Amino acid sequence: MQATLLVCIFSPLIGACLLPLIGRRAPRVRNFFSLLFVFVAFVCAAALLPAVLAGEKPLVRLALPLGLSLGFQADALSVFMAMTSSLVACVILIYSFGYIKDYDNQNEYYFMAVLFIGAMMGLVFSTSLILLYVFWEISAIACWRLIGFYREELTIVRANKAYIVTVLGALIMLVGFLGIWGQTGTFELTAMRGVHVPSWCVALILFGILSKSATFPLHSWLPDAGVAPSPVTSLLHAAVLVKIGVYAYARLFVATFTVDPVFTHIVPIIAAVSALISAGCAMVETDLKRIIAYSTISQLAFILLGVSIGNETGLVGGMLYILAHSVAKGGLFLCAGIAEHNLHTKDINKMGGLYKRFPLTAVAFALCSLSVMGVPPFSGFFAKYFVVQGALAANQPWIAGVFILGAFMTVFYLSRVFFKVFLGPETDHHAHEHSRGMVGSVVFLGILALALGVFISLPAELASRIWEVL
């Protein structure tokens, strides 16, 4: 199990460094290996699942001077996050083969994309605050380069904005980590389980988490990142970046530290405000990718509510929605990429009647939208139901009411997009679905979004095990 754990982490981390060298000789071979490295990470994470469900916690640790160490450990939470991220990333990479093939900087794209996944693997299995911070920053560098992929002035500005916001948040979070080290004398998470953390440290760490997960008021960089290629935005919103923040909250404030009870009220309030404001922005926006981006901010608030409410029902809902949202939101961005790639516009007012020429994309978009809306029997419905039930069980009915309103707003703006883009008056375009890899990717995610709801008992059992472990 220790060897499997190391392969899961270092397959994408080391493999990413080989891709530019391979790409100089054989681009198709590079594409194959980029997928292979991430797929190996998924297989290894899946191989760890039976062990962690049986109560084992495979651990690899290397002692360093000054009381420091490098360590990786697998448990139900880390394996769940690793499997979700690597599975969706595999689909995104397959989609990328058709989307990226005509652009420059392909070697850097695949290097950064696979490195991005490797950083996620390293982060979720890290056993120390310092190692968590290192992988946190690696993901920020990969994000910065991927958002600025086109190298145009606007994309560079937006990439710099994302980098500054997330790195500044991480530096403030690091100060909180140092404060904890000053109190405990260690950075090891296993040694700090149950330790009460001062509120000022919690506030600093929370600042870094909110900046990474694009939560109001630190959210504006995420819609601006829509200037990146669609597979990049799908990676940011669905597979990796914004999920890092909610994972860190669950790992630190649910699984490790104890904090003042006031934070179980403050964080849900922040989440509620973020959900409503971002949903309101999505209702009036006309840029397709910005609408989906604002939707991400709103749906992340559901996840943050679930992991912060302080009970099993809420946490199970939050974990289920990490999975449901990763699959469905990844599909929505990739569907948007097909439309943008063929029509050369992101303005929904310049799209219409695409169902006739993009039938499979339309079906996939509809399936993914229904999951994000929370319509039964899709997985998003069960996740949102548990999150709201968790808020009610925590005696916060008005928080539950705000999120129910947010769910109805989600139905409105995603329905608006679907009817306007796919069922509206047909515009004067002659584009058609042509890339089997791109179309097949979105169809797979759409079907998976439905299947996760039909067979919800399987991921729900894993989510329940996460609560037991924590």
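Pro377 sits in the loop that runs between helix H14 (359–373) and helix H15 (379–393). In this predicted model, a cis peptide bond with omega of about 5° joins Pro376 and Pro377.

**Backbone geometry**

- Most residues other than glycine have a negative phi, and most peptide bonds are trans.
- Phe216 and Pro217 are also joined by a cis peptide bond, with omega of about 5°. Pro217 belongs to the loop between helix H7 (199–212) and helix H8 (221–224).
- Asn105, which is not a glycine, has a positive phi of about 60°. Its place is the loop between H3 and helix H4 (106–125), and Asn105 counts as partly exposed at 33% relative accessibility.
- Arg151 has a positive phi as well, near 65°. This residue lies in the loop between helix H5 (129–147) and helix H6 (153–184); at 31% relative accessibility, Arg151 is partly exposed.

**Nonpolar core**

- The largest nonpolar core holds 171 residues, and those touching the most other members are Phe125, Leu129, Trp136, Ile147, Phe177, Met319 and Phe403. Helix H13 (residues 312–343) provides the largest share of this core, 18 residues.
- Beyond its neighbours within four places in sequence, Phe403 is in contact with Pro268, Ala271, Ala272, Ala275, Ala301, Phe302 and Leu305.

**Cavity**

- One cavity of 30 Å³ or more is found in the whole structure. The largest cavity has a volume of about 40 Å³.
- Leu320, Leu323, Ala324, Ser379, Leu452, Ile456 and Pro459 line the largest cavity. Its lining comprises six nonpolar residues, one polar residue and no charged residues.
- H13 gives the most to the lining of this cavity, namely three residues.

- The largest pocket has a volume of about 400 Å³. It is lined by 17 residues, of which Met83, Leu323, Leu452, Pro459 and Leu462 are the closest to its centre.
- By class, the lining of the largest pocket divides into 15 nonpolar residues, one polar and one charged.
- At least two lining residues of the largest pocket come from each of helix H2 (27–53), helix H3 (76–99), H17 and helix H18 (457–469).

**Cysteines**

- The count of disulfides is zero.
- Cys143 is buried, at 1% relative accessibility.
- Cys335 is likewise in no disulfide, and the nearest cysteine sulfur, in Cys368, is 5.7 Å away. A disulfide requires the two sulfur atoms to be within 2.5 Å. Cys335 counts as buried, with 1% relative accessibility.

- His325 is part of helix H13. With a relative accessibility of 0%, His325 counts as buried.
- Apart from neighbours within four places in sequence, His325 is in contact with His237, Lys243, Thr296, Gln299 and Gly330.
- Ser441 is located in helix H17 (residues 436–454), and at 4% relative accessibility Ser441 counts as buried.
- Setting aside neighbours within four places in sequence, Ser441 is in contact with Val91, Ile94 and Tyr95.

Note on methods: Residues numbered from 1 in each chain as written. Predicted model: local features only at pLDDT ≥ 70, side-chain atom pairs only at ≥ 80, totals over all residues. Heavy atoms only, no water. Core = buried A, V, L, I, M, F, W, Y, C linked by side-chain atoms within 4.5 Å. Buried < 20%, exposed > 50% of the residue type's maximum accessible area, 1.4 Å probe, protein only. Helix = DSSP H or I, 4+ residues; strand = E, 2+ residues; numbered from the N terminus. Contact = heavy atoms within 4.5 Å. 1 Å grid on protein atoms, 1.4 Å probe; cavity = no way out; pocket = protein on both sides within 12 Å on 5 of 7 lines; lining within 4 Å. Points joined across faces, edges and corners; volume = space filled by probe spheres on them. Nonpolar A, V, L, I, M, F, W, Y, C, P; charged D, E, K, R; others polar.
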